[in-house]
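The sequence and the structure come first, and the description follows.

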Amino acid sequence: MTCIQKDLFNKIMENTICAISSPPGTGGIAVIRISGSNALAVSDKIYTLVRPNEKLADKPGNTVHFGQIRDKENLLIDDVLATVFRAPHSFTGEDVVEISCHGSVYIQQKILQLLIQKGCSLAKPGEFSMRAFRNGKMDLSQAEAIADLIASTNEASHRMAINQIRGGFSDELKKLRDKLLHFVSLVELELDFSEEDVEFADRTQLASLANEIYQKIGSLAESFKTGNVLKSGIPVALVGETNVGKSTLLNLLLNEERAIVSEIHGTTRDSIEDLVNIDGISFRFIDTAGIRKTTDAIEKIGINLTYKKIEQSDIVLWIVDCTQITEHIEWLTEKIARRAQGKKIILVFNKIDKLAEDEREVIDELFKQFEGERIYISAKKRINTDNLKKALIHASQLELIKPDDIIVNNVRHYEALLLAQSDIKRVIDGIESRISGDFLSQDIRECMYHLGEITGHITNNEILTSIFSKFCIGK
């Protein structure tokens, strides 16, 4: 960043900003946030406390006050509550006032207009969070977790965001960087005494540390797959032949008529996707075209799309009609199993309400080679569907995640971890090949750099602008 850019950025940060922090539209109440060195003074220009001659600027932090907001003609806009936060004990680290008014869109916009007329600037997306980061209230990964917390739709994603906001991920990265800093300092000290050929950094200890960090970074990077699933929902493909009840089951799981149900074969020709929350875990169910031998060109396209969805899913619900086990079962098994290797497959026998007990034994014998879990249900009669939901939760394995487990769910973090892991691998290889200290130092610092990018210890204004522009206005 050039000196001119820095001056401009600092000038922007000195502005007092305002924005609506509650969801857009009409509601019971709305919250308007003001932050900056003049937050209290600007608020006093539009806000009158019920007690005469009292001002918000004289009030202590963490206090709430009842008053009125009037326009320049002294007409009453609304009776409001104003909450005062004093720097540095606020979300942004600056003086902050939060005005709670009635949720009329007109009232919200009128108050914003008055604040802007009195010297406030309208906040940009994520500007409150950026100020919190700039003022040391949180690091960059914690700031990004705020957006994840707002967007969380289930217990698992909420727990993951809370853990990151509390600094679990940041603390882990700080420990790694501190250990690397200790050794790189010793390695670089050796360079000052290169003529004496001394070694301050024990190479055996450094190799041990590098291997430990390599494994730790690898574990964090590996958690991204789980974190991404928690964020966007576990993909579950509903597959099988035509007319086995895939669409009926999807409608049951979604609790709405989302897919067309018909006795005509080949009705579903495209995939249908939707999210369902089951016991705090989001599943993204994908209803697919029935797999069968066909000459219909359009239906063939749908079946090929089914194969792709099987490959993209984490869990496969292979649905079989109990009453019509076709002669194509071996052909179908090969089509599904080949594409579902390494995935959790749950064999779902549907229409169990139409099956006699002795017929069930025949089916078990036909599928004796199948080692996965089997569930017998009736999607139409809602028989044993709770068992299917339990099987899905078990297949997700997310119940094995502990509340304090560190899970990476951010693509930027994941890419930085992969780069850091590559850097530390070069350190390990360099120690084995006994490269000189200056090259070793460079690789250690590269690893520290990429770890620091995650928390914002090393960043630039362009990256910050890109990250915070994705936040909602008012946060």
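Two strands pair if DSSP finds at least two bridges between them. Helices (H or I, at least four residues) and strands (E, at least two) are DSSP runs, numbered from the N terminus. The model is predicted, so local features need pLDDT of at least 70 and side-chain atom pairs count only at pLDDT 80 or more, whereas totals for chains, interfaces and linings use all residues. Residues are numbered from 1 along each chain as its sequence is written, and side-chain values use heavy atoms, with hydrogens and water left out.

The protein has 16 helices and 13 strands. Of its 475 residues, 48% count as buried, where buried means under 20% relative accessible area with a 1.4 Å probe, protein chains only.

**The sheet**

Seven strands form an open sheet with mixed pairing, in the order E3-E4-E5-E6-E2-E1-E7. Strand E3 (47-49) and strand E7 (121-122) are the edge strands, and each pairs on one side only.

| Pair | Sense | Bridges | Residues standing opposite |
|---|---|---|---|
| E3 and E4 | antiparallel | three bridges | Leu49 and Gly67 |
| E1 and E2 | antiparallel | four bridges | Cys18 and Ile34 |
| E2 and E6 | antiparallel | eight bridges | Ile29 and His102 |

E1 and E2 also form a hairpin with six residues between them, and Gly25 in the turn has a positive phi of about 105°.

Contact here means heavy atoms within 4.5 Å. Axes are lines fitted to C-alpha atoms, for helices over the stretch in contact, and angles run from 0 to 180 degrees between N-to-C directions. Helix H2 (residues 39-46) packs on the sheet and touches E2, E3, E4, E5 and E6; its direction makes about 80° with that of E3. Helix H4 (residues 127-134) also packs on the sheet, touching E1, E2 and E7, and its direction makes about 135° with that of E1.

**A helix pair**

Helix H5 (residues 140-151) and helix H6 (residues 155-165) pack at an angle of about 155°, with their axes 8 Å apart. H5 is therefore roughly antiparallel to H6, a term for angles over 145 degrees. The residues making the contact include Ala145 and Leu149 of H5, and Ala161 and Ile165 of H6.

Terms used: Buried < 20%, exposed > 50% of the residue type's maximum accessible area, 1.4 Å probe, protein only. Parallel < 35°, antiparallel > 145°, perpendicular 65-115°, else oblique.
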